[in-house]
Amino acid sequence: MNHVLQCPQCQAKNRVQAVPGGAVPVCARCGSALPWLHDGTDATFAQDIQAGVPVLVDFWAPWCGPCRVVGPVLEQIARERPGQVRIVKVNVDENPRAPSQFQVQGIPTMIIFRSGQPVDRVVGAAGKAAIEARLFPA
């Protein structure tokens with residue numbers, strides 16, 4: 001599965017496939033770490049949660065008001081912390097298997113994975129500071 005990620009440094013668009021060993025993707029033009037934010041599916045979920053950095057999976061739906069509030073916050077975190085976090089957005093209407101596997105009963109639900117294992121869960125529209133505190137505990 002390919003994802004197109006835009007470099008914040010040189011604005012180049014990079015087509016990124018599955019990154020071996022969960023390594024952080026870098027820009028092919030300038031070598032900068034890329035903001036790692038993309039859509040996930042039931043088919044790619046097992047790969048999507050593997051990374052050398054924390055992975056936040058956002059279970060959401062387009063009709064959900066609180067989900068629309070959280071979306072831009074997650075985009076901002078991805079842009080401000082390239083190479084430090086992977087954010088995967090899973091539309092629960094189009095991909096019911098992954099949310100079911102992790103007992104997602106309300107949206108938005110964000111699950112944080114480390115080394116492919118769930119370590120924390122945030123339910124509801126949390127703010128940027130609260131999300132970052134869960135992703136990057138002091």
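Beyond its neighbours within four places in sequence, Cys67 is in contact (heavy atoms within 4.5 Å) with Trp60, Ala61, Ile107 and Pro108. Cys67 counts as buried because its relative accessibility is 3%, where buried means under 20% relative accessible area, exposed over 50% and partly exposed in between, with a 1.4 Å probe and protein chains only. This is a predicted model, in which local features need pLDDT of at least 70 and side-chain atom pairs count only at pLDDT 80 or more, while totals for chains, interfaces and linings use all residues. Residues are numbered from 1 along each chain as its sequence is written, and side-chain values use heavy atoms, with hydrogens and water left out.

Cys67 belongs to helix 2, which covers residues 65-80; helices (H or I, at least four residues) and strands (E, at least two) are DSSP runs, numbered from the N terminus. With 16 residues, helix 2 reaches 24 Å from its first C-alpha to its last, close to the 22 Å expected at 1.5 Å a residue, the expected span being 1.5 Å times one less than the number of residues. The buried residues of helix 2 are Cys67, Val70, Gly71, Val73, Leu74, Ile77 and Ala78. An α-helix has 3.6 residues a turn, so residues three or four places apart point the same way. The buried residues of helix 2 pack against strand 3 (36-40), strand 4, strand 5 (86-91), strand 6 (109-114) and helix 4 (128-135).

The structure holds zero disulfides, a disulfide being a pair of cysteine sulfur atoms within 2.5 Å. Cys27, accordingly, is in no disulfide, and the nearest cysteine sulfur, that of Cys10, is 3.6 Å away. Cys27 also counts as buried, because its relative accessibility is 3%.

Another buried position is His3 in strand 1, with a relative accessible area of 11%. Not counting residues up to four places away in sequence, His3 touches Asn14, Arg15, Val16, His38, Asp39 and Asp48. His3 and Trp36 are 33 residues apart in sequence, and their C-alpha atoms are 9.4 Å apart in space.

Taken as a whole, the protein has four helices and seven strands, and read along the sequence these follow the pattern β-β-β-α-β-α-β-α-β-β-α. The radius of gyration is 14 Å, close to the 14 Å that the globule rule gives for 138 residues, so the protein is as compact as a globular protein of that length; the radius is taken over C-alpha atoms, and the rule is 2.2 Å times the number of residues to the power 0.38. Buried residues make up 46% of the 138 residues, and residues 24 or more positions apart account for 59% of the contacts with a separation of 6 or more.

As for confidence, the mean pLDDT (the predictor's confidence in each residue, from 0 to 100) is 91, and 95% of the residues reach 70 or more. Confidence is lowest in strand 1 (residues 3-6), at a mean of 82, and highest in strand 4 (residues 55-60), at 98.
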